[in-house]
Each structure stands twice: as structure tokens, then as C-alpha cells.
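Please open the model in your viewer and keep the selection tool at hand. The stops below go from the whole chain to single residues.

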Amino acid sequence: MTQPPLTWLYAPGDRPRIVTKALAAGADVVIVDLEDAVAPDRKDYARAATADLLAEPQPVPVHVRVNALGSPAADADLKAVAALPGVSGLRLPKVTSPEQIVRIAESTATADGNAPPLYALLETALGIERAHAVACAHSALRGIALGEANLRADLGVRDDAGLDWSRSRVVVAARAAGLRPPPQSVHPDTRDLKGLATSCAHGRALGFLGRAAIHPRQLPIIERAYLPTEQEVEEAETIIKAATTEKGAQALPDGTFIDAAVVATAHLTLALARRK
């Protein structure tokens with residue numbers, strides 16, 4: 001099993017020096033943002049700078065978050081970056097329907113019919129309601145995630161707990177569609193590392209895997225929160241050892257019942273542990 005990514009680091013597309021630093025910051029994936037992080041009068045520059053920077057393959061996977069789907073800016077973004085050698089994926093903001101995913105996949109497909117990997121951000125009540133349909137929209141879609149700042153505004157939610165239903169909805173939709181568990185949305189206070197750790201623990205309990213960041217100092221906190229503990233690794237090794245010597249459902253000496261689903265979870269635990 002390949003090691004799943006745990007950290008995604010955003011960098012503004014109109015600041016190529018920051019993007020270059022982000023590429024060396026240790027994140028599993030760097031997200032060059034052409035949308036919210038870029039002022040309207042800087043959109044053209046951000047697009048050109050990003051296209052120039054990503055004209056060659058990069059040392060880590062790079063995703064580009066384009067502007068609002070259906071807008072002239074988004075169309076220009078997709079035309080400029082979708083086929084670049086340095087782009088590993090496209091992040092699509094404020095997705096509300098599976099038709100949007102299909103349209104982007106078809107419009108960005110190469111001559112051989114392959115579209116770049118797509119990632120949908122669900123940031124509205126309508127997007128959450130259609131989460132599973134979006135997650136199943138097209139084979140090019142590799143993941144879904146929340147955009148919590150916009151969702152919070154759309155729902156009128158002030159207490160963080162008010163987002164938990166939406167969070168669980170997205171986790172379930174991703175898994176039901178056969179996608180990897182989604183990463184958490186960003187923690188906006190880059191100085192609140194204790195709060196970040198607490199929030200990551202809560203996200204892990206809800207079924208998220210990893211998290212997006214907006215500052216390099218957040219990366220080790222996120223990774224530490226999502227890596228398995230020594231006890232979890234030992235339990236996973238015990239489960240896999242038992243599964244290789246016995247067939248069918250069984251119980252460990254301590255009475256824990258294991259089956260194929262438990263074994264799959266154990267393999268994921270060990271894949272994560274190999275990151276240490």
C-alpha cells in the first residue's frame with residue numbers, strides 16, 4: 001500500500017517565491033492557489049507566474065486551485081495549467097453538482113482521453129447535500145474535501161461543532177465512493193498550534209486523514225496528529241500476523257474480533273507508520 005499524503009500546504013499563486021519555499025517546506029502536496037489568496041487585479045499575473053513555475057516537473061506533487069467554476073477566470077486557469085508537467089492535480093472550488101466535475105474532466109482531457117486528477121471542494125450547503133453524487137461523478141475525481149470558511153458563512157454557523165454533521169457527511173461520501181478519506185480543512189490561526197493539535201485529534205476521530213495548512217509551521221503538528229501511536233502500530237502488526245496464519249473471521253487472544261475490514265485498517269496504519 002502506498003503511503004497516503006497527510007499534509008497539503010497552500011501557497012498564493014501571485015507570489016512565486018512563496019510557492020518555491022512551499023515546495024521545500026516538507027508538505028506531501030503543495031497547493032498553488034489562484035482563487036481566494038489572490039486579489040482580483042492580480043489574477044492574470046498569478047496565472048502566468050504559476051504557468052511559468054510549473055512548466056517543469058516539481059520535486060513534490062503540486063495541485064492548483066482554480067477560480068470559481070464557470071467564470072472566465074476559471075476557464076483561463078484551466079487552459080493555462082491543466083496540462084503542465086508540474087501539475088499533479090486540479091482543485092475545484094465551491095463544487096455543487098456532479099455535472100461540474102464531468103464538464104471539467106471532459107474539457108481538460110488530453111488526446112488519449114485522460115483528464116488530470118481532480119479534487120472537489122464542497123463549500124456550500126448544496127454541495128454537502130450532493131456530496132456522494134459529486135464523489136461518484138467521474139473517474140478523474142480523486143478526492144473531495146470541505147472548504148469550511150465558506151461553508152460556515154453559508155450555514156450561519158459560529159460554533160465549530162455546528163460543522164460536525166457536514167464533516168461526517170463528507171467523510172462518509174468519500175468512502176462510499178471508494179475515495180480516500182478526505183483531509184481536514186485549514187486551521188486559520190497559524191499561531192494557535194495547540195488549538196490545531198486539538199482540532200486535528202477531533203478530525204481524526206471523525207474519519208479525516210491529514211489536513212491542509214496555510215503555514216509551514218503547521219505541518220509537523222498535522223503530521224504528528226495523524227501518525228499512529230506505538231500502541232496502534234503494535235496492534236496493527238498483531239492483526240496482520242494473525243490474518244496471515246488464520247483464515248476467515250477470528251478473535252485475537254485479548255478477545256478482539258478481526259475480519260477483512262479490520263485487516264485493511266491495520267495495513268493503512270502500518271503504511272502511515274512507515275512515514276516516521
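## The whole chain

Of the 276 residues of the chain, 49% count as buried, where buried means under 20% relative accessible area, exposed over 50%, and partly exposed in between, with a 1.4 Å probe and protein chains only. This is a predicted model, in which local features need pLDDT of at least 70 and side-chain atom pairs count only at pLDDT 80 or more, while totals for chains, interfaces and linings use all residues. Residues are numbered from 1 along each chain as its sequence is written, and side-chain values use heavy atoms, with hydrogens and water left out.

Colour the model by secondary structure to find twelve helices and nine strands in the chain; these are DSSP runs, H or I of at least four residues for helices and E of at least two for strands, numbered from the N terminus. Show the C-alpha trace, and you will see that along its principal axes the trace spans about 65 × 45 × 40 Å. Among contacts (heavy atoms within 4.5 Å) between residues at least 6 apart in sequence, 69% join residues at least 24 apart.

## The nonpolar cores

Next, select V64, L90, L92, I101, L118 and I144, which touch the most other members of the largest nonpolar core, a set of 63 residues. A nonpolar core here is a set of buried Ala, Val, Leu, Ile, Met, Phe, Trp, Tyr and Cys residues joined through side-chain atoms within 4.5 Å. Helix α10 (residues 219-226) supplies the largest share of this core, five residues.

Which residues does L90 contact, leaving aside its neighbours within four places in sequence? They are V64, L78, V81, A82, T108, P116, P117, L118 and Y119. A second, separate core has ten residues, among them I239, I240, L270 and A273.

## Two single residues

Now select E148, which lies in helix α7 (residues 148-155). E148 counts as buried because its relative accessibility is 10%. Not counting residues up to four places away in sequence, E148 touches L163, R167 and S185.

For the last stop, go to P40, in the loop between β2 (29-33) and α2 (43-53). Is P40 buried or exposed? P40 counts as exposed, because its relative accessibility is 73%. If you then draw a distance from the C-alpha atom of P40 to that of A73, 33 residues apart along the chain, the separation is 9.7 Å.
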